[in-house]
Amino acid sequence: MDLFEVSAKFKINGRAVSITPYGEGHINETYLLVTDKGFKYILQKINHRLFKDVEKLMRNIELVTAHVAEKVRQKGGDVSREVLTIVRTDEDKTYYGDDETGYFRVYIYIYNATAHQVVKKSEHFYQSAYAFGTFQNQLADFDARRLHEIIPNFHNTVVRFENFKRAVEADRMGRLRLVRREVDFVLEREGYCGRIVKLLECGQMPLKVTHNDTKLNNVMIDDATDKAVAVIDLDTVMPGSSCYDFGDSIRFGCNPAAEDEVDLSKVNFRLDLFKAYTEGYLAALKNISETEKEYLPFSAILMTYECGMRFLTDYLEGDTYFRIKRQNHNLDRARTQFKLVSDMEKALGQMNEIVYSFK
Ligand code: ADP
Ligand code: GN1
Ligand code: MG
């Protein structure tokens with residue numbers, strides 16, 4: 001079944017006349033769909049290898065979008081723009097497909113807004129922080145037990161480290177000899193892995209419903225006003241820590257170069273952007289505890305370390321998780337993350353000062 005046939009299964013306005021690859025996501029296959037009536041939609045082929053239970057994945061997204069939409073409505077906002085809207089199938093389902101065809105979903109297209117790949121204006125980064133902080137507030141009264149933990153241990157860095165060590169030992173692709181230095185970099189920092197996990201386990205760090213994938217390109221920024229419009233990519237909304245959401249944003253956004261930049265001299269940790277993000281996050285987030293605040297700077301190191309470790313694991317295992325566009329792509333990505341970790345380690349004191357300079 002081709003994509004046009006798939007699109008005809010959904011309640012879209014008109015008939016699809018073009019369906020073209022769209023965006024820079026590493027996980028799902030995303031397409032921009034345009035109809036003969038000029039309406040746009042986002043059509044996605046869900047990564048079924050990763051999201052084995054599509055029914056549960058879409059149920060999570062349905063629950064979360066309904067909850068956020070209600071909050072937007074209460075504030076008199078525009079529900080068609082400020083939250084993802086699932087377009088249902090003719091059979092009133094949230095997705096279409098099966099193991100053979102693949103699984104598809106359609107979202108309303110958020111017009112006149114952009115998911116930026118790098119920070120072009122520090123205002124955008126502040127705005128994304130405000131949006132992710134607000135998103136957490138909107139879900140603060142959402143009962144986490146209603147959510148299926150779609151990827152268990154997603155930000156459990158201890159488990160990620162175990163997986164990494166298994167990949168090193170197995171050396172399935174015979175690539176280990178090429179990355180000894182990077183592997184040592186990860187091993188030397190094992191001590192990072194358990195810190196937040198332990199705080200969550202003993203209840204010192206509050207467990208919240210968080211986004212868990214807070215890259216800049218998972219928030220839509222209005223092209224005219226530069227304000228954040230909506231948080232997107234809700235596949236990983238699960239119980240987590242506000243530190244994870246903060247750290248992952250810093251990991252991606254405080255680097256002026258691309259996540260897969262090969263020239264590491266271009267990859268640097270920008271403290272001014274850290275400041276902009278911290279200001280936005282703390283301004284938005286209600287009820288942040290002292291422990292959460294204390295661990296914000298460290299969480300930036302942890303999330304960057306974890307992501308680098310995941311890229312390196314995937315490289316060692318033969319690039320089965322993150323979509324790659326060239327040879328060594330995952331290795332290049334891992335290297336940028338480790339460069340950023342080194343920079344952040346040096347800047348930890350300044351990051352702490354910045355966090356405590358806000359209320
Ligand atoms: P992935 O999980 O693969 O990262 P995303 O859901 O983040 O997939 O979508 C990939 C890209 O598609 C986003 O970065 C954004 O550019 C674009 N996109 C996704 N949803 C929408 C939407 N509702 N409106 C406009 N653009 C969107
Ligand atoms: C993936 O889906 P996308 O591209 O927004 C990944 C994140 C990583 C990120 C690294 C479900 O995010 O965890 O941090 O790549 N998403 C999943 O860029 O694994
Ligand atoms: Mg995404």
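User: How many residues surround ligand 2, and which are the closest?

Analyst: This is a predicted model, in which local features need pLDDT of at least 70 and side-chain atom pairs count only at pLDDT 80 or more, while totals for chains, interfaces and linings use all residues. Residues are numbered from 1 along each chain as its sequence is written, chains are lettered from A and ligands numbered from 1 in the order in which they are written, and side-chain values use heavy atoms, with hydrogens and water left out. A residue is near a molecule if one of its heavy atoms lies within 4 Å of it. Here 16 residues surround ligand 2, the closest being His26, Lys215, Glu259, Arg310 and Tyr321.

User: What lies 2.8 Å from an oxygen atom of ligand 2 in the side chain of Arg310?

Analyst: A polar contact is a pair of N or O atoms within 3.5 Å. In Arg310 a polar side-chain atom lies 2.8 Å from an oxygen atom of ligand 2, and in Asp213 a polar side-chain atom is 3.0 Å from an oxygen atom of this ligand. His26 instead places a backbone N or O atom 2.8 Å from an oxygen atom of ligand 2. Taken alone, ligand 2 exposes 440 Å², of which the protein buries 97%, with accessible areas taken from the Shrake-Rupley method with a 1.4 Å probe.

User: Which residues come nearest to ligand 1?

Analyst: Of the 19 residues around ligand 1, the nearest are Asn28, Gln44, Ile110, Asn217 and Asp233. A backbone N or O atom of Asn217 lies 2.9 Å from an oxygen atom of ligand 1, and an N or O atom in the side chain of Asp233 is 3.0 Å from an oxygen atom of the ligand. Taken alone, ligand 1 exposes 550 Å², and the protein buries 96% of that.

Note on methods
A polar contact is a pair of N or O atoms within 3.5 Å; within protein, one must be able to donate a hydrogen and the other to accept it, and residues adjacent in sequence count only if both atoms are side-chain atoms.
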